[in-house]
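Work through the exercises below with the structure open beside you. Try each task before reading its solution.

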Amino acid sequence: MHFDWYQATVQASSEEVLSWFRRVWPDGEVRPSKPKNGAAFGAQVVIGEMRVAECIWGGGMEGHGVNLWSSGGDSAFFAEAVRRRWPEHRVTRADSAADVRGEGAWEFWSAWALELADRFKLKVEHQGDWHRGKDGRTLYIGSRSSPVRLVIYEKGKQLPELGMADWVRLELRVQPKKAEAGEVVAKLTPEQLWRCSRWSLAAADYIFGENGWERVVIGTRWNPADRERAVRAFIKQYAGVLGEWAGDLGGWSELGEEIGRRITAAAEKRREAIASAQAARAAPSLQTKGIPAGNADSCQQHAQAAHL
């Protein structure tokens, strides 16, 4: 497990950040870059033809410090360096990635992700070559607007020159919406990022085994008042229909029993559908493909490469 993207806002001047760039990467060249997100200025560190870090400031960010980031293989080093220089900073995005390889890795982990989405009623989005699977597939779990999103993709097929078509990446993307949440995320390890939502915490229990972690709230947590507001809205909209239905059945008690019966029947039908889908995904057995149905440590061991 490692950072694959680390982006943060620090309370420092642009001159201080650019000077830090030069100290951290003495062999690199600091060049101007195109500003983004309403900023007025941008700069990047380039080594050879490879960009290793970038920052923006000014404009719409005036008075809010400097936003800087790194992605890919430089992210882990960058995150450590930022945390040393600015222990108190605010993360605006952090990606935690795990890599697995082996026959059946994509089939196993994509099926696992879809079951996770069904369990927590998460939005699912497909991208890539799902028709032939030649150029690689990507599966997004969670909405684009959510502070936590899971991405599973065929990394090896994106880099065919490496000859590792069975390389699959699991990537959790965390984008705190509030400054206070970003400050909390700035203290988390790549593994602990999986604590940032109810469903990703459940995923972490599977991937890492029982860990005893508590959830880190970086979005909006439900509270009982939300239910009361929902009930009031429901009654306002359907009071007439409910009254007529109760009259047909003989009273409010009978209506309550009928609604309970229908909810129970619908839940049972959904359980049967999920069980059927799981049985279909289990054939052929993943164990014959070298990836047993267990925790991710076992899956990665049998997949022959836990991390690249």
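**Exercise 1. Locate lysine 121 and decide where its side chain stands: buried or exposed?**

Solution. Step one: find the element. Lysine 121 sits in the loop between helix H3 (105-120) and strand E7 (124-128). Helices (H or I, at least four residues) and strands (E, at least two) are DSSP runs, numbered from the N terminus. Step two: read the accessibility. Lysine 121 is exposed, because its relative accessible area is 68%. The cut-offs are under 20% for buried, over 50% for exposed and in between for partly exposed (1.4 Å probe, protein chains only). Step three: check the backbone. Phi of lysine 121 is positive, near 55 degrees, in a residue other than glycine.

A note on the source: this is a predicted model, where local features need pLDDT of at least 70 and side-chain atom pairs count only at pLDDT 80 or more, while totals for chains, interfaces and linings use all residues. Residues are numbered from 1 along each chain as its sequence is written, and side-chain values use heavy atoms, with hydrogens and water left out.

**Exercise 2. Which residues form a positive surface patch with Lys121?**

Solution. Step one: list the members. Arg119, Lys121, Arg198 and Arg270 form the patch. Step two: apply the rule. Patch residues have over 30% relative accessible area and no salt bridge; like charges are joined within 9 Å, and nonpolar side chains (Val, Leu, Ile, Met, Phe, Trp, Tyr) within 5 Å. Lys and Arg count as positive and Asp and Glu as negative, with His and the chain ends not counted. A charge is placed at NZ of Lys, CZ of Arg, CG of Asp or CD of Glu. Arginine 198 belongs to helix H6 (residues 198-208). Arginine 198 counts as exposed because its relative accessibility is 56%.

**Exercise 3. Which residues make a nonpolar surface patch of about 430 Å²?**

Solution. Step one: name them. The patch is made by Val231, Phe234, Ile235, Tyr238 and Val241. Its area rests on the Shrake-Rupley method with a 1.4 Å probe; for residues, only the protein chains shown count as cover. Step two: take one member. Valine 241 lies in helix H7 (residues 224-249). Its relative accessible area is 51%, so valine 241 is exposed.

**Exercise 4. Where does asparagine 37 lie, and what is its phi?**

Solution. Step one: asparagine 37 is in the loop between strand E2 (29-32) and strand E3 (41-47). Step two: its phi is positive, about 55 degrees, although asparagine 37 is not a glycine. Step three: asparagine 37 counts as exposed, because its relative accessibility is 70%.

**Exercise 5. What surrounds valine 174?**

Solution. Step one: valine 174 lies in strand E10 (residues 168-174). Step two: valine 174 counts as buried, because its relative accessibility is 0%. Step three: list contacts (heavy atoms within 4.5 Å). Beyond neighbours within four places in sequence, the partners of valine 174 include Thr92, Arg93, Ala94, Asp95, Val185 and Ile218. Step four: compare sequence and space. Valine 148 is 26 residues from valine 174 in sequence, yet their C-alpha atoms are 4.6 Å apart.

**Exercise 6. Trace the salt bridges of glutamate 88 and arginine 173.**

Solution. Side chains of opposite charge can pair when their charged atoms come close. The rule asks for a side-chain nitrogen of Lys or Arg within 4 Å of a carboxyl oxygen of Asp or Glu. By this rule there are 18 salt bridges.

Step two: glutamate 88 pairs with lysine 187, with the closest N and O atoms 3.1 Å apart. This pair links distant parts of the chain, 99 residues apart. Glutamate 88 is exposed because its relative accessible area is 64%. Lysine 187 counts as partly exposed, at 47% relative accessibility.

Step three: arginine 173 pairs with aspartate 95, with the closest N and O atoms 3.8 Å apart. Here strand E10 holds arginine 173 and strand E6 holds aspartate 95, 78 residues apart. Arginine 173 is partly exposed, with 22% relative accessible area. Aspartate 95 counts as buried because its relative accessibility is 1%. Step four: widen the view. Salt bridges with shared partners join Arg93, Asp95, Glu171 and Arg173 into one network.
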